[in-house]
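Have the viewer ready and follow along.

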Amino acid sequence: MAQNRSDKLKRLVTVQRHLEKMAEIDLANTTRQRQEVNETMEVVVEAINSLEPVHRSFSHHYSGQYSRLQQQEQMLANVQQMHEMRVVRERTKGDRMEERMKEARSAEEREAADDSIYDLIDQHIAYKARSE
């Protein structure tokens, strides 16, 4: 079964939009993880600055944990930047494909209109030929 170019492009646009959504979900997950790490860092800083004797005895442990959290936050920041670029790239691809789909659809509609006009002309010529 022959499919129109616009129908094929429409399916591709749907797939591309799905890829875009997946990239947005990955970005949202990374953003959420960064937020959790930042909240944990705040709690650790509060524990380090606490005057309670329990926290003072663990201050060395807290500083090690804080440095690990800083590294994790930096890594997540880089991952988030990568996901942001991926979202933009997928969105751009989808927009371009959608434009091509619309162009193909309008070309198909023009072709169908032209064919109907040619059919009318052929019918008119055939009618005149029978009349004579």
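## A walk through the model

His124 has a relative accessible area of 47%, so His124 counts as partly exposed (buried means under 20% relative accessible area, exposed over 50%, and partly exposed in between, with a 1.4 Å probe and protein chains only). You'll find His124 in helix 3 (helices are DSSP runs of H or I with at least four residues, numbered from the N terminus). Between the C-alpha atoms of His124 and His83 there are 61 Å in space, and the two are 41 residues apart in sequence.

A word on ground rules: this is a predicted model, where local features need pLDDT of at least 70 and side-chain atom pairs count only at pLDDT 80 or more, while totals for chains, interfaces and linings use all residues. Residues are numbered from 1 along each chain as its sequence is written, and side-chain values use heavy atoms, with hydrogens and water left out.

Now for how the helices pack. The axes of helix 1 and helix 3 come within 7 Å and cross at roughly 165 degrees (axes are lines fitted to C-alpha atoms, for helices over the stretch in contact, and angles run from 0 to 180 degrees between N-to-C directions). Helix 1 and helix 3 are therefore roughly antiparallel to each other, a label for angles over 145 degrees. Their crossing is left-handed, meaning that the near helix is turned anticlockwise from the far one by less than a right angle.

What makes up the largest nonpolar core? Seven residues do: Val37, Met41, Val44, Ala47, Tyr62, Leu69 and Leu76. Such a core is a set of buried Ala, Val, Leu, Ile, Met, Phe, Trp, Tyr and Cys residues joined through side-chain atoms within 4.5 Å. Helix 1 (5–48) and helix 3 (59–131) each supply at least two residues of this core, and the largest share, four residues, comes from helix 1. As a general point, nonpolar side chains tend to be buried together in soluble globular proteins.

| Residue | Relative accessible area |
|---|---|
| Met41 | 11% |
| Glu73 | 13% |
| Tyr62 | 14% |

Met41 sits in helix 1, while Glu73 belongs to helix 3. Setting aside residues up to four places away in sequence, Met41 touches Tyr66, Leu69, Gln70 and Glu73, where contact means heavy atoms within 4.5 Å. As for Met41 and Gln80, they are 39 residues apart along the chain, and their C-alpha atoms are separated by 18 Å.

How many aromatic pairs does a search of the whole structure find? It finds one, made by Phe58 and Tyr62: the pair is tilted, at 6.4 Å centre to centre with 45 degrees between the planes. Rings of Phe, Tyr and Trp (its six-membered ring) pair if their centres lie within 6.5 Å; planes under 30 degrees apart count as stacked, over 60 as edge-to-face and the rest as tilted. Tyr62 is buried, whereas Phe58 is partly exposed, with a relative accessible area of 42%.

Last stop: Arg56, in helix 2 (residues 53–57). Apart from neighbours within four places in sequence, Arg56 is in contact with Ser50 and Leu51. Arg56 and Thr14 are 42 residues apart in sequence, and 57 Å apart in space from C-alpha to C-alpha.

Definitions and conventions
Parallel < 35°, antiparallel > 145°, perpendicular 65-115°, else oblique.
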